[in-house]
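Please examine the structure shown below, together with its sequence.

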Amino acid sequence: MGYPVSMTSKLPQIRPELPLDYYHQNFCQLLSVVQNRYTDLLSADESQFIEHFQLASKEAQCLYVRLSGRSKSLFRLSKLQYREIPDLQAAADELAHLALLRIDPDLELEHLLPLYTKPEILRLLAPSDGAKLDRAALDAQLLHQNDPQLNATLRAADSHLEVLQEQHLAVLKLCFFSNAYQDLSEFVLRDLAILSYESYALDVGSRQFADREQLDQHLQYHACSSLSEEALAGGAEAVLALSAALPVPAPHDSALLRRVSRLRNQLARDLERQGELETALALYELSSSTPARERRARILMSQTDIEQSLALCHEIVAAPIDEAEAIFAQQFGQRHAKRHGHEWPVQNTPTPPSQVLELPQSDAVEHATAQHLGQSGDCYFVENTLFSSVLGLAIWPAVFAPLTGAFSHPFQHRPHDFYDADFASKRADLIDTALRAQLQDEQAFIQTLLQRYRDKQGRANPLVYWEHIDEQLLQTALQKIPAQHWQAIFRRLLSDLRNHRSGLPDLIHFPDEGAYALVEVKGPGDRLQANQKRWMAFFHDNNIPHWVATVRWLENTDNA
(Lines give C-alpha, C1' and ligand atoms only; values in the text may rest on other atoms or scores of the structure.)
Protein backbone atom coordinates (compact mmCIF):
# COMPACT_ATOMS: atom_id res chain seq x y z
CA MET A 1 0.00 0.00 0.00
CA GLY A 2 1.45 3.38 -1.00
CA TYR A 3 1.10 6.61 0.90
CA PRO A 4 1.37 10.21 -0.22
CA VAL A 5 4.84 11.34 -1.17
CA SER A 6 5.60 14.62 0.58
CA MET A 7 8.61 16.80 1.13
CA THR A 8 11.17 14.61 2.85
CA SER A 9 12.91 15.69 6.03
CA LYS A 10 16.63 15.25 5.66
CA LEU A 11 19.20 14.66 8.36
CA PRO A 12 21.41 17.66 9.10
CA GLN A 13 24.38 17.69 6.78
CA ILE A 14 27.92 18.48 7.85
CA ARG A 15 28.83 21.50 5.77
CA PRO A 16 32.39 21.85 4.52
CA GLU A 17 34.40 24.59 6.20
CA LEU A 18 35.34 27.34 3.79
CA PRO A 19 38.93 28.64 3.74
CA LEU A 20 39.52 32.16 5.03
CA ASP A 21 40.16 33.43 1.52
CA TYR A 22 37.18 31.71 -0.13
CA TYR A 23 35.81 35.04 -1.37
CA HIS A 24 39.15 35.85 -3.03
CA GLN A 25 39.17 32.54 -4.87
CA ASN A 26 35.63 33.13 -6.07
CA PHE A 27 36.36 36.64 -7.27
CA CYS A 28 39.46 35.44 -9.15
CA GLN A 29 37.37 32.72 -10.80
CA LEU A 30 34.87 35.36 -11.91
CA LEU A 31 37.67 37.47 -13.39
CA SER A 32 39.15 34.47 -15.18
CA VAL A 33 35.83 33.52 -16.79
CA VAL A 34 35.17 37.10 -17.92
CA GLN A 35 38.66 37.42 -19.37
CA ASN A 36 38.33 34.15 -21.26
CA ARG A 37 34.86 34.87 -22.65
CA TYR A 38 34.52 38.65 -22.90
CA THR A 39 37.98 40.19 -23.11
CA ASP A 40 37.20 41.60 -26.58
CA LEU A 41 34.13 43.44 -25.23
CA LEU A 42 35.79 45.13 -22.26
CA SER A 43 36.67 48.81 -22.40
CA ALA A 44 40.23 50.02 -21.90
CA ASP A 45 39.37 51.18 -18.36
CA GLU A 46 37.78 47.83 -17.47
CA SER A 47 40.78 45.92 -18.80
CA GLN A 48 43.12 48.20 -16.89
CA PHE A 49 41.14 47.64 -13.70
CA ILE A 50 41.64 43.87 -14.05
CA GLU A 51 45.33 44.37 -14.81
CA HIS A 52 45.87 46.57 -11.75
CA PHE A 53 43.98 44.17 -9.51
CA GLN A 54 46.09 41.26 -10.70
CA LEU A 55 49.30 43.24 -10.06
CA ALA A 56 48.41 43.57 -6.39
CA SER A 57 49.57 41.11 -3.75
CA LYS A 58 47.10 38.52 -2.54
CA GLU A 59 46.57 40.42 0.74
CA ALA A 60 45.81 43.65 -1.13
CA GLN A 61 43.46 41.79 -3.48
CA CYS A 62 41.68 40.30 -0.47
CA LEU A 63 41.20 43.75 1.04
CA TYR A 64 39.74 45.11 -2.20
CA VAL A 65 37.31 42.22 -2.58
CA ARG A 66 36.31 42.49 1.08
CA LEU A 67 35.57 46.22 0.85
CA SER A 68 34.00 46.25 -2.61
CA GLY A 69 31.57 43.57 -1.52
CA ARG A 70 30.11 45.83 1.14
CA SER A 71 27.11 48.12 0.61
CA LYS A 72 29.17 51.27 1.21
CA SER A 73 32.41 52.62 -0.22
CA LEU A 74 33.83 54.53 2.80
CA PHE A 75 35.56 52.85 5.74
CA ARG A 76 37.70 53.56 8.79
CA LEU A 77 40.93 51.61 8.84
CA SER A 78 40.83 51.03 12.60
CA LYS A 79 37.45 49.30 12.30
CA LEU A 80 38.67 46.69 9.82
CA GLN A 81 39.93 43.32 11.01
CA TYR A 82 40.56 40.32 8.75
CA ARG A 83 42.68 37.37 9.87
CA GLU A 84 43.88 36.69 6.34
CA ILE A 85 45.16 40.29 5.98
CA PRO A 86 47.69 40.75 8.81
CA ASP A 87 48.95 44.18 7.65
CA LEU A 88 45.93 46.22 6.62
CA GLN A 89 47.90 49.44 6.26
CA ALA A 90 50.35 47.86 3.82
CA ALA A 91 47.48 46.35 1.81
CA ALA A 92 45.70 49.72 1.72
CA ASP A 93 48.88 51.52 0.63
CA GLU A 94 49.34 49.02 -2.18
CA LEU A 95 45.78 49.46 -3.43
CA ALA A 96 46.17 53.23 -3.27
CA HIS A 97 49.30 52.98 -5.42
CA LEU A 98 47.28 51.03 -8.01
CA ALA A 99 44.45 53.60 -7.92
CA LEU A 100 42.01 51.04 -6.49
CA LEU A 101 41.70 52.79 -3.15
CA ARG A 102 42.00 56.35 -1.86
CA ILE A 103 43.45 56.91 1.61
CA ASP A 104 42.14 59.88 3.59
CA PRO A 105 40.05 61.44 0.81
CA ASP A 106 38.80 64.99 1.21
CA LEU A 107 35.42 64.14 2.73
CA GLU A 108 32.67 66.48 3.81
CA LEU A 109 31.24 66.22 7.32
CA GLU A 110 28.02 64.62 6.01
CA HIS A 111 30.10 61.70 4.70
CA LEU A 112 32.29 61.40 7.79
CA LEU A 113 29.54 61.38 10.42
CA PRO A 114 28.01 57.98 9.41
CA LEU A 115 31.43 56.37 9.97
CA TYR A 116 31.33 57.16 13.69
CA THR A 117 29.07 55.99 16.49
CA LYS A 118 27.15 58.40 18.66
CA PRO A 119 29.44 57.83 21.69
CA GLU A 120 32.47 58.54 19.48
CA ILE A 121 30.92 61.75 18.17
CA LEU A 122 30.07 62.89 21.70
CA ARG A 123 33.63 62.21 22.81
CA LEU A 124 35.38 63.75 19.79
CA LEU A 125 33.14 66.73 19.04
CA ALA A 126 31.47 67.36 22.40
CA PRO A 127 28.30 68.89 20.93
CA SER A 128 26.08 70.88 23.27
CA ASP A 129 23.14 68.82 24.58
CA GLY A 130 24.22 66.04 22.20
CA ALA A 131 23.52 63.25 24.67
CA LYS A 132 19.84 64.28 24.80
CA LEU A 133 19.38 64.10 21.04
CA ASP A 134 18.67 61.04 18.91
CA ARG A 135 21.19 60.24 16.20
CA ALA A 136 19.35 61.98 13.37
CA ALA A 137 18.88 65.16 15.39
CA LEU A 138 22.51 65.07 16.52
CA ASP A 139 23.78 64.82 12.94
CA ALA A 140 21.44 67.60 11.84
CA GLN A 141 22.70 69.88 14.61
CA LEU A 142 26.37 69.30 13.69
CA LEU A 143 25.77 69.82 9.97
CA HIS A 144 23.84 73.02 10.67
CA GLN A 145 26.84 74.47 12.54
CA ASN A 146 28.86 74.32 9.30
CA ASP A 147 32.07 74.42 11.35
CA PRO A 148 35.23 73.36 9.40
CA GLN A 149 36.88 72.38 12.70
CA LEU A 150 34.37 69.54 13.17
CA ASN A 151 35.39 68.11 9.82
CA ALA A 152 39.09 68.47 10.65
CA THR A 153 38.65 66.74 14.01
CA LEU A 154 36.98 63.68 12.50
CA ARG A 155 39.49 63.47 9.64
CA ALA A 156 42.32 63.44 12.18
CA ALA A 157 40.63 60.83 14.38
CA ASP A 158 41.28 57.90 12.06
CA SER A 159 42.52 56.86 8.64
CA HIS A 160 39.66 56.78 6.13
CA LEU A 161 39.48 54.60 3.03
CA GLU A 162 37.43 55.08 -0.14
CA VAL A 163 37.03 52.17 -2.55
CA LEU A 164 37.56 53.21 -6.18
CA GLN A 165 36.59 51.83 -9.58
CA GLU A 166 33.62 49.86 -8.23
CA GLN A 167 31.67 50.81 -11.36
CA HIS A 168 33.68 48.22 -13.28
CA LEU A 169 32.46 45.45 -11.00
CA ALA A 170 28.91 45.88 -12.29
CA VAL A 171 30.17 45.23 -15.83
CA LEU A 172 32.20 42.18 -14.79
CA LYS A 173 29.31 40.68 -12.80
CA LEU A 174 26.90 41.28 -15.69
CA CYS A 175 29.29 39.52 -18.07
CA PHE A 176 29.55 36.59 -15.68
CA PHE A 177 25.93 36.23 -14.51
CA SER A 178 24.09 37.93 -17.41
CA ASN A 179 21.86 39.62 -14.82
CA ALA A 180 22.07 42.08 -11.95
CA TYR A 181 20.44 40.04 -9.18
CA GLN A 182 23.04 37.29 -8.69
CA ASP A 183 26.35 37.87 -6.98
CA LEU A 184 29.33 36.09 -5.45
CA SER A 185 27.10 34.45 -2.83
CA GLU A 186 26.25 31.89 -5.54
CA PHE A 187 29.78 30.52 -5.19
CA VAL A 188 29.28 30.09 -1.47
CA LEU A 189 26.03 28.14 -1.91
CA ARG A 190 27.87 25.80 -4.27
CA ASP A 191 30.94 25.44 -2.07
CA LEU A 192 28.80 24.68 0.98
CA ALA A 193 27.00 22.00 -1.07
CA ILE A 194 23.67 23.73 -0.44
CA LEU A 195 22.97 23.77 -4.18
CA SER A 196 24.28 21.45 -6.86
CA TYR A 197 24.29 22.51 -10.51
CA GLU A 198 24.56 20.62 -13.76
CA SER A 199 27.75 20.91 -15.80
CA TYR A 200 27.39 22.52 -19.22
CA ALA A 201 29.63 24.15 -21.77
CA LEU A 202 30.67 27.75 -21.09
CA ASP A 203 32.81 29.19 -23.85
CA VAL A 204 33.01 32.18 -26.16
CA GLY A 205 30.59 30.58 -28.59
CA SER A 206 27.81 30.30 -25.99
CA ARG A 207 28.17 33.69 -24.34
CA GLN A 208 25.15 35.90 -23.72
CA PHE A 209 26.50 39.14 -25.24
CA ALA A 210 27.73 39.15 -28.82
CA ASP A 211 29.16 42.68 -28.87
CA ARG A 212 29.73 45.72 -26.69
CA GLU A 213 26.57 47.44 -27.92
CA GLN A 214 24.46 44.58 -26.60
CA LEU A 215 26.33 44.59 -23.30
CA ASP A 216 25.81 48.34 -22.93
CA GLN A 217 22.10 47.93 -23.64
CA HIS A 218 21.80 45.48 -20.74
CA LEU A 219 23.74 47.87 -18.50
CA GLN A 220 21.37 50.65 -19.57
CA TYR A 221 18.35 48.51 -18.73
CA HIS A 222 19.64 47.69 -15.23
CA ALA A 223 20.42 51.36 -14.63
CA CYS A 224 16.84 52.27 -15.61
CA SER A 225 15.42 49.47 -13.50
CA SER A 226 17.20 50.82 -10.42
CA LEU A 227 15.46 54.19 -10.98
CA SER A 228 11.93 52.80 -11.32
CA GLU A 229 10.76 53.58 -7.78
CA GLU A 230 12.08 57.12 -8.01
CA ALA A 231 10.32 57.59 -11.37
CA LEU A 232 7.01 56.29 -10.02
CA ALA A 233 7.22 58.76 -7.16
CA GLY A 234 7.67 61.52 -9.76
CA GLY A 235 4.39 60.81 -11.55
CA ALA A 236 3.41 60.09 -15.16
CA GLU A 237 5.91 62.47 -16.75
CA ALA A 238 8.86 60.92 -14.92
CA VAL A 239 7.68 57.39 -15.78
CA LEU A 240 7.39 58.25 -19.48
CA ALA A 241 10.89 59.76 -19.38
CA LEU A 242 12.25 56.57 -17.82
CA SER A 243 10.43 54.44 -20.39
CA ALA A 244 11.94 56.53 -23.19
CA ALA A 245 15.41 55.94 -21.69
CA LEU A 246 15.04 52.17 -21.91
CA PRO A 247 17.16 50.50 -24.59
CA VAL A 248 15.67 49.19 -27.82
CA PRO A 249 16.61 45.50 -27.88
CA ALA A 250 17.82 43.81 -31.03
CA PRO A 251 15.27 41.27 -32.35
CA HIS A 252 17.51 38.33 -31.43
CA ASP A 253 18.01 39.48 -27.81
CA SER A 254 14.96 37.82 -26.30
CA ALA A 255 16.29 38.16 -22.74
CA LEU A 256 16.55 41.96 -22.96
CA LEU A 257 13.25 42.25 -24.83
CA ARG A 258 11.56 40.29 -22.05
CA ARG A 259 13.17 42.39 -19.30
CA VAL A 260 12.34 45.72 -20.91
CA SER A 261 8.75 44.66 -21.53
CA ARG A 262 8.31 43.45 -17.97
CA LEU A 263 9.66 46.70 -16.57
CA ARG A 264 7.23 48.66 -18.75
CA ASN A 265 4.43 46.42 -17.48
CA GLN A 266 5.41 47.15 -13.87
CA LEU A 267 5.55 50.88 -14.49
CA ALA A 268 2.24 50.83 -16.35
CA ARG A 269 0.50 48.76 -13.66
CA ASP A 270 1.51 51.23 -10.95
CA LEU A 271 0.31 54.13 -13.09
CA GLU A 272 -2.94 52.28 -13.67
CA ARG A 273 -3.47 51.99 -9.91
CA GLN A 274 -2.85 55.73 -9.62
CA GLY A 275 -5.54 56.43 -12.20
CA GLU A 276 -3.10 57.48 -14.95
CA LEU A 277 -4.89 55.29 -17.50
CA GLU A 278 -3.78 57.01 -20.72
CA THR A 279 -0.12 56.89 -19.71
CA ALA A 280 -0.49 53.26 -18.64
CA LEU A 281 -2.06 52.41 -22.02
CA ALA A 282 0.86 54.04 -23.81
CA LEU A 283 3.36 51.91 -21.90
CA TYR A 284 1.39 48.68 -22.31
CA GLU A 285 1.31 49.25 -26.06
CA LEU A 286 5.13 49.23 -26.08
CA SER A 287 5.30 45.92 -24.22
CA SER A 288 5.45 42.52 -25.89
CA SER A 289 5.06 40.51 -22.65
CA THR A 290 1.98 39.37 -20.81
CA PRO A 291 -0.20 40.73 -19.33
CA ALA A 292 0.14 43.93 -21.41
CA ARG A 293 -2.71 43.12 -23.84
CA GLU A 294 -4.91 41.92 -20.99
CA ARG A 295 -4.42 45.17 -19.11
CA ARG A 296 -5.13 47.17 -22.27
CA ALA A 297 -8.38 45.29 -22.81
CA ARG A 298 -9.44 45.92 -19.22
CA ILE A 299 -8.59 49.63 -19.37
CA LEU A 300 -10.41 50.07 -22.68
CA MET A 301 -13.48 48.35 -21.26
CA SER A 302 -13.35 50.56 -18.15
CA GLN A 303 -13.30 53.57 -20.48
CA THR A 304 -16.38 52.12 -22.26
CA ASP A 305 -14.38 51.64 -25.45
CA ILE A 306 -16.18 48.33 -25.94
CA GLU A 307 -15.40 47.82 -29.63
CA GLN A 308 -11.62 48.20 -29.20
CA SER A 309 -11.58 46.08 -26.04
CA LEU A 310 -13.42 43.19 -27.71
CA ALA A 311 -11.32 43.53 -30.86
CA LEU A 312 -8.21 43.16 -28.73
CA CYS A 313 -9.69 40.06 -27.09
CA HIS A 314 -10.34 38.54 -30.53
CA GLU A 315 -6.74 39.37 -31.48
CA ILE A 316 -5.46 37.54 -28.40
CA VAL A 317 -7.65 34.48 -29.02
CA ALA A 318 -6.34 34.29 -32.58
CA ALA A 319 -2.68 34.50 -31.55
CA PRO A 320 -2.15 34.20 -27.78
CA ILE A 321 1.30 34.56 -26.23
CA ASP A 322 0.47 31.83 -23.72
CA GLU A 323 -2.50 29.88 -22.44
CA ALA A 324 -3.21 32.25 -19.55
CA GLU A 325 -3.61 35.13 -21.97
CA ALA A 326 -5.87 33.07 -24.23
CA ILE A 327 -8.07 32.05 -21.31
CA PHE A 328 -8.42 35.63 -20.15
CA ALA A 329 -9.40 36.82 -23.63
CA GLN A 330 -11.98 34.07 -24.06
CA GLN A 331 -13.61 34.55 -20.67
CA PHE A 332 -13.41 38.35 -20.56
CA GLY A 333 -14.52 38.71 -24.17
CA GLN A 334 -17.42 36.29 -23.80
CA ARG A 335 -18.69 37.95 -20.61
CA HIS A 336 -18.58 41.50 -21.93
CA ALA A 337 -19.79 40.61 -25.42
CA LYS A 338 -22.91 39.09 -23.88
CA ARG A 339 -23.37 42.09 -21.58
CA HIS A 340 -23.18 44.59 -24.44
CA GLY A 341 -25.08 42.63 -27.08
CA HIS A 342 -22.14 41.41 -29.17
CA GLU A 343 -21.66 37.91 -30.55
CA TRP A 344 -18.95 35.67 -29.12
CA PRO A 345 -18.23 31.97 -29.80
CA VAL A 346 -19.09 29.78 -26.80
CA GLN A 347 -16.70 27.04 -25.73
CA ASN A 348 -18.12 23.98 -24.03
CA THR A 349 -15.95 21.93 -21.67
CA PRO A 350 -16.78 18.39 -20.55
CA THR A 351 -17.79 17.75 -16.96
CA PRO A 352 -15.17 15.48 -15.33
CA PRO A 353 -16.31 12.23 -13.70
CA SER A 354 -16.65 12.51 -9.94
CA GLN A 355 -17.30 10.42 -6.88
CA VAL A 356 -18.38 11.39 -3.38
CA LEU A 357 -16.25 9.92 -0.58
CA GLU A 358 -17.46 10.01 3.01
CA LEU A 359 -14.39 9.91 5.23
CA PRO A 360 -13.46 10.45 8.88
CA GLN A 361 -12.51 14.09 9.38
CA SER A 362 -8.81 14.87 8.98
CA ASP A 363 -6.57 17.93 8.88
CA ALA A 364 -5.51 17.18 5.28
CA VAL A 365 -8.23 16.15 2.87
CA GLU A 366 -5.69 14.86 0.32
CA HIS A 367 -3.99 12.67 2.92
CA ALA A 368 -7.32 11.25 4.08
CA THR A 369 -8.31 10.45 0.49
CA ALA A 370 -4.94 8.85 -0.24
CA GLN A 371 -5.25 6.64 2.81
CA HIS A 372 -8.75 5.60 1.75
CA LEU A 373 -7.69 4.78 -1.82
CA GLY A 374 -4.55 3.09 -0.51
CA GLN A 375 -6.75 0.33 0.88
CA SER A 376 -7.31 -0.88 -2.68
CA GLY A 377 -3.87 -0.26 -4.16
CA ASP A 378 -0.96 2.18 -4.12
CA CYS A 379 -1.85 5.86 -3.90
CA TYR A 380 0.60 8.77 -3.94
CA PHE A 381 0.31 12.52 -3.47
CA VAL A 382 1.95 13.93 -6.61
CA GLU A 383 0.03 17.09 -7.58
CA ASN A 384 2.28 19.03 -10.01
CA THR A 385 5.48 17.10 -9.35
CA LEU A 386 5.36 13.66 -10.97
CA PHE A 387 4.80 14.39 -14.65
CA SER A 388 7.04 17.44 -14.62
CA SER A 389 9.82 15.47 -12.94
CA VAL A 390 9.62 12.55 -15.36
CA LEU A 391 9.68 14.99 -18.26
CA GLY A 392 12.75 16.67 -16.74
CA LEU A 393 14.53 13.33 -16.41
CA ALA A 394 13.52 12.31 -19.94
CA ILE A 395 14.73 15.47 -21.70
CA TRP A 396 17.63 16.27 -19.36
CA PRO A 397 20.17 16.55 -22.22
CA ALA A 398 17.85 18.97 -24.05
CA VAL A 399 17.33 21.19 -21.00
CA PHE A 400 21.08 21.61 -20.57
CA ALA A 401 22.03 21.67 -24.24
CA PRO A 402 24.77 24.32 -24.81
CA LEU A 403 22.79 26.54 -27.17
CA THR A 404 24.10 30.04 -27.81
CA GLY A 405 23.04 32.34 -24.98
CA ALA A 406 21.40 29.57 -22.94
CA PHE A 407 24.02 29.51 -20.18
CA SER A 408 26.32 32.27 -19.06
CA HIS A 409 27.61 31.09 -15.67
CA PRO A 410 27.89 27.83 -13.69
CA PHE A 411 25.06 28.66 -11.25
CA GLN A 412 21.96 28.24 -13.40
CA HIS A 413 19.23 25.77 -12.57
CA ARG A 414 17.67 26.45 -15.96
CA PRO A 415 18.70 27.97 -19.31
CA HIS A 416 17.94 31.65 -19.85
CA ASP A 417 15.24 30.87 -22.43
CA PHE A 418 13.45 28.19 -20.40
CA TYR A 419 10.16 30.09 -20.34
CA ASP A 420 10.44 31.51 -23.85
CA ALA A 421 7.81 30.40 -26.33
CA ASP A 422 10.47 28.84 -28.59
CA PHE A 423 12.28 26.88 -25.86
CA ALA A 424 11.02 23.52 -27.12
CA SER A 425 11.24 24.34 -30.83
CA LYS A 426 14.90 25.34 -30.52
CA ARG A 427 15.59 21.91 -28.99
CA ALA A 428 13.08 19.97 -31.06
CA ASP A 429 15.56 17.36 -32.32
CA LEU A 430 16.88 16.57 -28.84
CA ILE A 431 13.40 16.49 -27.30
CA ASP A 432 11.93 14.35 -30.08
CA THR A 433 14.82 11.88 -29.80
CA ALA A 434 14.38 11.61 -26.03
CA LEU A 435 10.62 11.09 -26.17
CA ARG A 436 10.73 8.80 -29.19
CA ALA A 437 12.90 6.43 -27.17
CA GLN A 438 9.92 5.67 -24.95
CA LEU A 439 7.85 4.53 -27.93
CA GLN A 440 10.68 2.51 -29.45
CA ASP A 441 11.67 0.52 -26.34
CA GLU A 442 9.64 1.31 -23.26
CA GLN A 443 11.60 -0.92 -20.86
CA ALA A 444 14.94 0.54 -21.96
CA PHE A 445 13.46 4.03 -21.56
CA ILE A 446 12.37 3.18 -18.00
CA GLN A 447 15.82 1.90 -17.08
CA THR A 448 17.45 5.01 -18.57
CA LEU A 449 15.24 7.30 -16.49
CA LEU A 450 15.77 5.34 -13.29
CA GLN A 451 19.53 5.41 -13.79
CA ARG A 452 19.43 9.13 -14.53
CA TYR A 453 17.37 9.62 -11.37
CA ARG A 454 20.18 7.97 -9.38
CA ASP A 455 23.04 9.70 -11.21
CA LYS A 456 21.59 13.22 -11.11
CA GLN A 457 20.09 13.00 -7.59
CA GLY A 458 19.73 16.47 -6.09
CA ARG A 459 21.14 18.34 -9.07
CA ALA A 460 19.16 21.46 -9.98
CA ASN A 461 16.74 21.02 -12.87
CA PRO A 462 13.76 23.38 -13.39
CA LEU A 463 11.42 20.46 -14.04
CA VAL A 464 12.49 17.94 -11.39
CA TYR A 465 11.11 18.02 -7.84
CA TRP A 466 13.66 15.83 -6.07
CA GLU A 467 12.09 16.08 -2.63
CA HIS A 468 8.66 14.99 -3.88
CA ILE A 469 9.49 11.87 -5.87
CA ASP A 470 11.17 8.60 -5.01
CA GLU A 471 12.38 5.64 -7.05
CA GLN A 472 9.48 3.38 -6.10
CA LEU A 473 6.94 5.93 -7.32
CA LEU A 474 8.88 6.49 -10.54
CA GLN A 475 9.17 2.80 -11.30
CA THR A 476 5.49 2.13 -10.57
CA ALA A 477 4.29 5.10 -12.63
CA LEU A 478 6.53 4.33 -15.60
CA GLN A 479 5.43 0.70 -15.65
CA LYS A 480 1.69 1.31 -15.27
CA ILE A 481 1.00 4.50 -17.23
CA PRO A 482 0.85 3.85 -21.00
CA ALA A 483 3.54 5.53 -23.10
CA GLN A 484 0.90 7.33 -25.17
CA HIS A 485 -0.43 9.02 -22.03
CA TRP A 486 3.05 10.14 -20.99
CA GLN A 487 3.68 11.50 -24.47
CA ALA A 488 0.45 13.49 -24.54
CA ILE A 489 1.09 15.04 -21.12
CA PHE A 490 4.73 15.77 -22.01
CA ARG A 491 3.69 17.64 -25.15
CA ARG A 492 1.15 19.74 -23.28
CA LEU A 493 3.68 20.63 -20.59
CA LEU A 494 6.23 21.66 -23.21
CA SER A 495 3.72 23.83 -25.06
CA ASP A 496 3.62 26.30 -22.13
CA LEU A 497 6.08 25.50 -19.35
CA ARG A 498 5.16 28.52 -17.28
CA ASN A 499 1.42 27.82 -17.07
CA HIS A 500 0.89 24.13 -17.73
CA ARG A 501 2.97 22.90 -14.79
CA SER A 502 0.19 23.77 -12.37
CA GLY A 503 -3.35 22.43 -12.03
CA LEU A 504 -2.50 18.72 -12.26
CA PRO A 505 -4.47 16.35 -9.99
CA ASP A 506 -3.45 15.81 -6.38
CA LEU A 507 -3.20 12.02 -6.35
CA ILE A 508 -2.29 9.11 -8.56
CA HIS A 509 -3.98 5.80 -7.72
CA PHE A 510 -2.78 2.38 -8.86
CA PRO A 511 -5.64 -0.04 -8.02
CA ASP A 512 -4.79 -3.63 -7.18
CA GLU A 513 -6.70 -4.82 -10.25
CA GLY A 514 -4.37 -2.82 -12.53
CA ALA A 515 -4.33 0.43 -14.54
CA TYR A 516 -4.21 3.84 -12.85
CA ALA A 517 -6.22 7.03 -12.35
CA LEU A 518 -5.43 10.66 -11.64
CA VAL A 519 -7.56 11.98 -8.78
CA GLU A 520 -8.25 15.61 -7.94
CA VAL A 521 -9.41 15.97 -4.33
CA LYS A 522 -11.93 18.58 -3.25
CA GLY A 523 -12.96 19.04 0.34
CA PRO A 524 -16.25 20.48 1.55
CA GLY A 525 -16.91 23.78 -0.20
CA ASP A 526 -13.99 23.48 -2.64
CA ARG A 527 -14.42 23.77 -6.40
CA LEU A 528 -12.25 23.05 -9.41
CA GLN A 529 -10.02 25.93 -10.44
CA ALA A 530 -9.79 27.07 -14.04
CA ASN A 531 -6.41 25.45 -14.73
CA GLN A 532 -7.63 22.19 -13.16
CA LYS A 533 -10.66 22.20 -15.45
CA ARG A 534 -8.40 22.63 -18.45
CA TRP A 535 -6.32 19.63 -17.43
CA MET A 536 -9.50 17.59 -16.92
CA ALA A 537 -10.69 18.54 -20.41
CA PHE A 538 -7.32 17.54 -21.80
CA PHE A 539 -7.51 14.18 -20.01
CA HIS A 540 -10.99 13.64 -21.47
CA ASP A 541 -9.78 14.38 -25.00
CA ASN A 542 -6.81 12.01 -24.64
CA ASN A 543 -8.61 9.15 -22.83
CA ILE A 544 -6.46 9.57 -19.72
CA PRO A 545 -8.27 8.10 -16.66
CA HIS A 546 -9.20 10.80 -14.16
CA TRP A 547 -11.89 11.71 -11.68
CA VAL A 548 -12.72 14.19 -8.94
CA ALA A 549 -13.01 12.94 -5.37
CA THR A 550 -15.52 15.12 -3.52
CA VAL A 551 -14.95 14.51 0.18
CA ARG A 552 -17.61 14.77 2.83
CA TRP A 553 -16.68 14.34 6.47
CA LEU A 554 -18.46 11.71 8.49
CA GLU A 555 -20.17 13.06 11.57
CA ASN A 556 -18.34 12.36 14.82
CA THR A 557 -20.41 9.69 16.60
CA ASP A 558 -18.09 9.31 19.61
CA ASN A 559 -19.79 9.78 22.95
CA ALA A 560 -18.76 12.86 24.85
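The sections below treat the basis of the model, the sheet, the nonpolar cores, selected helices and some backbone features.

## Basis of the model

This is a predicted model, in which local features need pLDDT of at least 70 and side-chain atom pairs count only at pLDDT 80 or more, whereas totals for chains, interfaces and linings use all residues. Residues are numbered from 1 along each chain as its sequence is written, and side-chain values use heavy atoms, with hydrogens and water left out.

Helices (H or I, at least four residues) and strands (E, at least two) are DSSP runs, numbered from the N terminus.

## The five-stranded sheet

Five strands form an open sheet in the order β4-β8-β7-β6-β5, and their pairing is mixed; two strands pair if DSSP finds at least two bridges between them. At the edges lie β4 (354-359) and β5 (377-381), each of which pairs on one side only. From one strand to the next, the twist averages 30 degrees. Five bridges join β5 to β6 (residues 507-511) in the antiparallel sense, and cysteine 379 has histidine 509 of β6 as its bridge partner.

Two helices accompany this sheet. Helix α19 (residues 365-373) packs on the sheet and touches β4, β5, β6, β7 (517-522) and β8 (546-553), with its direction at about 110 degrees to that of β8. Helix α27 (residues 530-541) lies across β7 and β8 and runs at about 135 degrees to β8. Contact here means heavy atoms within 4.5 Å; axes are lines fitted to C-alpha atoms, for helices over the stretch in contact, and angles run from 0 to 180 degrees between N-to-C directions.

## Nonpolar cores

A nonpolar core is a set of buried Ala, Val, Leu, Ile, Met, Phe, Trp, Tyr and Cys residues joined through side-chain atoms within 4.5 Å. The largest such core has 54 residues, and Leu386, Phe387, Ile395, Trp486, Ile508 and Phe539 have the most contacts inside it. Elements giving two or more residues to this core include α20 (386-394), α26, β6 and α27. Leucine 386 touches Ile469, Leu473, Leu474, Ala477, Trp486 and Ile508, with residues up to four places away in sequence not counted.

A second, separate core of 46 residues includes Ile50, Val65, Leu174 and Leu184.

Helix α26 (residues 483-495) has 13 residues and should span 18 Å at 1.5 Å a residue, which agrees with the 18 Å between its end C-alpha atoms; the expected span is 1.5 Å times one less than the number of residues. Because 10 of its 13 residues are buried, α26 is largely enclosed by the rest of the structure. Among the buried residues are Trp486, Ile489, Phe490 and Leu493. Buried means under 20% relative accessible area, exposed over 50%, and partly exposed in between (1.4 Å probe, protein chains only).

Helices α2 (residues 44-55) and α9 (residues 167-177) pack at an angle of about 95 degrees, their axes 10 Å apart. This makes α2 roughly perpendicular to α9, a class that covers 65 to 115 degrees, with under 35 counted as roughly parallel, over 145 as roughly antiparallel and the rest as oblique. Asp45, Glu46, Phe49 and Ile50 of α2 make the contact with His168, Leu169, Val171 and Leu172 of α9.

## Backbone features in loops

The peptide bond from threonine 290 to proline 291 is cis, with omega near 5 degrees. Proline 291 is found in the loop between α15 (277-285) and α16 (292-302).

Positive phi values occur at two residues other than glycine: alanine 126, near 45 degrees, and asparagine 146, about 50 degrees. Alanine 126 lies in the loop between α6 (118-125) and α7 (135-145) and counts as exposed at 58% relative accessibility. Asparagine 146, in the loop between α7 and α8 (148-157), is exposed with a relative accessible area of 66%.
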